[in-house]
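Student: Hi! Could you walk me through this one while I have it open?

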Amino acid sequence: MADLRFGVLGRLQVWRDGVELDAGPRQQRALLAALLLRPGKLVPVGDLIDGVWGQQPSESAVRIVRNYVSQLRRLLEPDRAPRVESQVLVYASGGYSLRVPPTAVDIGVVEELAAAADEARGSGDRDTAATLLSEALGHWRGDPLAGLPGPYAQTQRAKLVERRLGLIESRIEVDLELGRHTAAVNELPELIAEHPLRERMRGLLMLALYRSGRQADALSVYDQVRHSLAEELGIDPGAYLQRVRQQILISDPALSPPNAEVATSLPKPAQLPAAVGDFTGREALVEELCATLRAEDSPALAVSAVAGMGGIGKTTLAVHVSHRVRDRFPDGQFYVNLRGAGEDPADPGLALAAFLRAMGLPEIAIPDGLEELSALYRSTLADRRVLVLLDNARDAAQIEPLLPGSSGCGVLITSRSRLATLPGVRLVDLDVLESSEAVAMLARIAGPERIVTDPTAAAELVTACGRLPLALRIVASRLASRRSWTLRSMVDRLADETHRLSELRIGDLAVDSSFALGYAQLDIHQARAFLLLALPDNPDFSLHGAAAILGSGLRETENLVESLVDAGMLEATGPGRYRYHDLLRLFAREQTLSTENIAERNAAIIRLLQYYLVNARDAYGLIWPGHPLASDMTNQMSELLFDVGGIGPATNLPLYITDLLTAQMWVVREFPGCFGLAIQISRDPAVPILPAAVLMLGIARSHDEGVLWSGFESVRAAAHTLLGVAEQRGDRRAEAIAAFTLGRTAQRNGSLDEAQRYAEQAELACRRTELESGGTYDPTRLIVSGMIQRLFGAIAAGRADYDTALACYLDLLAAHRRDSSPSCEVETLIDIAQVHIDRGESRAAVAMCEQARALAAEIGCRRGEAIALGVSALAHENLGEHDAAIGCYQDSFDLHGPDPLRQKQAAFLLVRIAVAHLSAGRAHQAADAGLQAVHRSREVGSELAEAESLTVLATVRATLGLTGEAEHLVRRADDILRRLGLSPN
């Protein structure tokens with residue numbers, strides 16, 4: 001039989017032969033928990049229903065229980081043959097029984113360890129008892145039965161929490177019997193703060209203080225609890241506390257520890273700083289670090305290093321973890337702030353001398369040299385279990401002398417630098433808090449009622465703080481000290497980015513001061529890179545883009561940016577891609593204003609624009625081969641150099657594009673950066689906007705996914721900004737491009753009147769350009785004029801004015817053939833085919849698509865070929881030629897498939913294949929294609945395509961007589977459409 005194991009002391013977990021299994025939905029897991037906590041016992045079905053659903057169960061609760069039991073049996077006994085009775089989850093006499101040994105469940109293991117601890121303690125073996133109790137407590141992984149619904153889980157959760165607290169108290173009692181009073185004095189205050197009404201804990205603290213020679217402090221604990229109970233509950237302390245107080249007052253000999261262990265000759269340091277009471281989040285990371293430090297079977301010293309930017313919460317996390325694992329290191333805990341982020345880092349020799357003094361070594365026994373100090377330190381810690389917390393370290397050289405030699409010790413390090421060269425270290429890169437954790441932190445410090453009152457402002461405040469713990473603590477502390485302030489008022493104070501950092505200060509806490517410590521450690525080349533790379537309004541940037549900004553080679557740039565990552569001043573988001581934390585970017589920009597001259601800043605932005613133009617040109621030329629817009633981007637490079645003084649030709653720009661796939665991937669990754677830069681350039685009167693407008697046009701056309709495209713809003717925002725600036729500056733060509741782009745997005749969204757207005761404005765701007773230039777040859781104007789005419793055709797087609805649309809497209813086709821623009825000709829042929837379809841002339845549409853496809857194949861335009869095939873397939877469908885349509889759709893899909901810019905279109909093609917199969921009466925093939933369409937739609941994030949896929953599947957199920965399934969699929973599709981703001985059919 002398989003080895004089944006279960007965990008209830010945290011989230012419910014199931015393992016079979018060491019492999020964790022998915023225990024199913026929440027109510028199924030709640031039912032399993034009800035059986036696990038009564039292993040081997042018969043639980044009536046009625047009790048299970050009451051435990052999971054309470055007093056108002058579903059009418060189908062019995063059926064649901066049977067379904068859950070059936071699923072659990074398949075989970076626990078996957079190899080059980082059909083009709084063979086289950087040996088694990090057994091039904092008898094109207095109930096179910098889970099036949100597993102008690103120790104198959106972690107709480108059963110805990111109880112076995114607790115019983116063994118009681119036996120060892122009773123026989124006088126207190127060391128073994130303490131070890132067994134610590135092992136038992138180590139089985140808790142968080143809140144018991146976390147996330148499980150139902151009254152039974154709620155009741156058992158409370159019992160399990162109570163059981164844990166009782167075991168903690170028993171373990172501390174044993175520690176006191178062993179003479180470990182200092183450890184108890186350090187541990188109990190934090191526990192009491194969490195559970196202030198547990199008198200047993202208060203009594204243990206009084207006893208620990210008394211045995212530590214602090215009789216007055218012990219009596220003070222009693223006075224505090226008496227005051228609290230009187231204030232909160234109106235009662236006096238119980239008999240147990242009163243008895244302990246009386247014994248302390250008379251110095252009762254019974255308070256001396258029985259058979260206490262003889263103290264070693266060296267004291268046990270307990271230097272950990274106080275844990276933060278409002279520590280929030282990072283549960284998984286805390287457990288991971290605790291597990292590393294608690295590992296018993298490791299032959300080597302356990303060393304973990306937490307790295308991250310200033311203000312990320314490294315020290316708070318490390319101190320919290322250290323307190324959690326303190327019981328694993330009964331011989332002491334060291335702490336030192338190594339001041340690695342400052343100008344005066346700590347001398348490791350002085351730190352070693354302080355550690356040795358803390359262990360009781362006389363001054364005369366402490367050597368002077370670093371090597372001798374380190375050797376004595378390792379010798380003193382041999383065979384001892386000590387935790388060493390090295391906070392704020394600078395580098396590996398500072399840390400290495402401070403590492404113990406004993407595998408029984410543990411070391412936890414924090415540093416802004418990634419200490420990759422430290423032997424045997426386990427590196428942890430600390431990130432900002434999750435949004436939910438950040439809101440929870442605000443609630444704990446500023447008060448939960450504020451979050452409940454205005455959750456939207458809370459989310460905005462978390463975003464403004466970049467989820468950085470230091471910024472959140474400052475904001476929450478300011479709110480806590482100003483009860484009349486609201487979350488919204490604090491959001492308003494942080495709204496202006498130019499003053500945001502000045503708002504993030506309170507007392508001796510300041511975000512910019514924390515950042516300044518890291519900035520001061522950079523050399524001149526790192527500092528320049530840190531400042532210049534923060535200039536563009538890009539969410540992230542590539543190594544090639546960084547090289548352009550810095551005007552340096554790729555290898556040199558990589559060394560610089562990677563050194564900034566190691567220093568915690570940049571984040572690496574993937575191979576060759578980087579980003580700033582939002583607040584760190586603001587800090588860099590503030591420094592730039594005072595350290596970098598305007599010419600240097602402008603030159604960096606122009607180099608980035610040049611880089612975008614040259615790579616966008618190469619990408620566009622591969623996506624739409626022979627299109628004149630690619631050549632115009634080269635023209636804009638020259639115009640840019642001519643208009644901006646002091647900028648030399650970009651002879652060493654890093655080129656990324658090598659083939660069609662890299663071209664497509666480059667557009668995907670750089671799309672946000674190109675539009676962010678276009679908007680940013682529009683705010684700088686020293687930089688012409690026409691190159692940015694041409695860049696915007698080329699990237700938008702490269703990235704366009706038609707009606708399924710999610711990039712409309714980015715395009716509209718950039719085009720709207722550029723249009724306003726172009727009108728203000730009188731740049732007619734930039735105005736024409738921006739107005740055309742807005743018209744195109746409006747037409748795609750079905751806003752035809754708006755599209756008409758923008759198209760007319762773009763056309764007027766082109767005419768004015770021609771008049772102002774005296775008819776001089778202007779490739780930009782000619783290219784945009786052709787696009788505007790195509791837009792007029794699309795608007796006419798949208799209004800069902802097919803004659804006008806066809807006339808526009810035919811005139812445009814003649815012009816493209818006259819000017820030898822094959823890519824443009826391909827687009828126009830497809831437009832004409834679409835008009836033929838709209839007019840009911842599908843056979844003519846097929847002919848047009850064949851011309852477009854052949855020409856696209858001739859010039860190597862895969863996208864044009866794929867689009868032509870898709871339109872041709874639609875025409876074949878209209879003609880009832882379903883097999884021909886499916887063949888065209890499949891060919892189009894195969895061409896779209898590798899293109900990362902057309903993934904949503906590819907998903908929609910699978911939908912059309914399913915529809916064609918259905919129209920041909922092939923329901924099963926339609927079902928297969930529909931399922932593929934659902935999966936592909938989810939993979940690429942196209943909810944519209946998913947809704948269409950589900951609708952097709954619903955029709956298939958209805959055709960097969962599966963009405964219930966069909967109705968379910970329709971509801972799912974309708975839910976998606978409503979979420980998208982669309983009306984279900």
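Tutor: Happy to. Let's begin just past helix α24, where Gly-551 takes a positive phi of about 70 degrees. Keep in mind that this is a predicted model.

Student: Okay, and α24 itself: how many of the residues of this helix are buried?

Tutor: For α24, residues 543-550, the count is 8 of the 8, so the helix is largely enclosed by the rest of the structure. The buried residues are Leu-543, His-544, Gly-545, Ala-546, Ala-547, Ala-548, Ile-549 and Leu-550.

Student: What covers the buried residues of α24?

Tutor: The cover includes the helices α23 (524-532), α25 (554-566) and α27, along with the strands β14 (541-542) and β16 (577-579).

Student: Is His-627 buried or exposed?

Tutor: His-627 has a relative accessible area of 4%. The cut-off for buried is under 20%, so His-627 counts as buried.

Student: And what does His-627 touch?

Tutor: Leaving out residues up to four places away in sequence, His-627 touches Tyr-620, Arg-701, Met-787, Ser-823, Cys-824 and Glu-827.

Student: Nice. Switching to sheets: what is the strand order in the one with β4, β5 and β6?

Tutor: The order is β4-β6-β5, in an open sheet of 3 strands with antiparallel pairing. β4 (43-44) and β5 (89-92) are at the edges with a single partner strand each, so one side of each has no neighbour in the sheet.

Student: How many bridges are there between β5 and β6?

Tutor: β5 pairs with β6, residues 95-98, over 4 bridges in the antiparallel sense. Tyr-91 stands opposite Tyr-96 in β6, and Val-90 has Ser-97 as its bridge partner there. The two strands form a hairpin with 2 residues between them, and Ser-93 in the turn has a positive phi of about 50 degrees.

Student: And how many bridges join β4 to β6?

Tutor: 2 bridges join that antiparallel pair. Pro-44 stands opposite Gly-95 in β6.

Student: What about the faces of β6, are they covered or open?

Tutor: Both faces of β6 are covered: Gly-95 and Ser-97 are buried on one side, Tyr-96 and Leu-98 on the other. Helix α1, residues 26-36, lies across β4, β5 and β6 and runs at about 70 degrees to β6.

Student: New topic, helix packing. At what angle do α13 and α14 pack?

Tutor: α13 (residues 348-358) and α14 (residues 370-381) pack at about 35 degrees, and their axes are 9 Å apart. Their crossing is left-handed.

Student: Which residues make the contact?

Tutor: From α13 you have Pro-348, Gly-349, Leu-352, Ala-353, Phe-355 and Leu-356, while α14 brings Leu-370, Leu-373, Ser-374, Leu-376, Tyr-377 and Thr-380. The residues of this contact divide into 9 nonpolar, 3 polar and no charged.

Student: Where is the pLDDT below 50?

Tutor: One such stretch is residues 260-265, with 6 contacts in the model beyond near neighbours in sequence. Residues 705-709 are also below 50, and that stretch has 20 contacts counted beyond near neighbours in sequence.

Key: Residues are numbered from 1 along each chain as its sequence is written. This is a predicted model: local features need pLDDT of at least 70, side-chain atom pairs count only at pLDDT 80 or more; totals for chains, interfaces and linings use all residues. Side-chain values use heavy atoms; hydrogens and water are left out. Buried means under 20% relative accessible area, exposed over 50%, partly exposed in between (1.4 Å probe, protein chains only). Contact means heavy atoms within 4.5 Å. Two strands pair if DSSP finds at least two bridges between them. Axes are lines fitted to C-alpha atoms, for helices over the stretch in contact, and angles run from 0 to 180 degrees between N-to-C directions. pLDDT is the predictor's confidence in each residue, from 0 to 100. A crossing is left-handed if the near helix is turned anticlockwise from the far one by less than a right angle, and right-handed if clockwise. Ala, Val, Leu, Ile, Met, Phe, Trp, Tyr, Cys and Pro count as nonpolar, Asp, Glu, Lys and Arg as charged, and the others, Gly among them, as polar.
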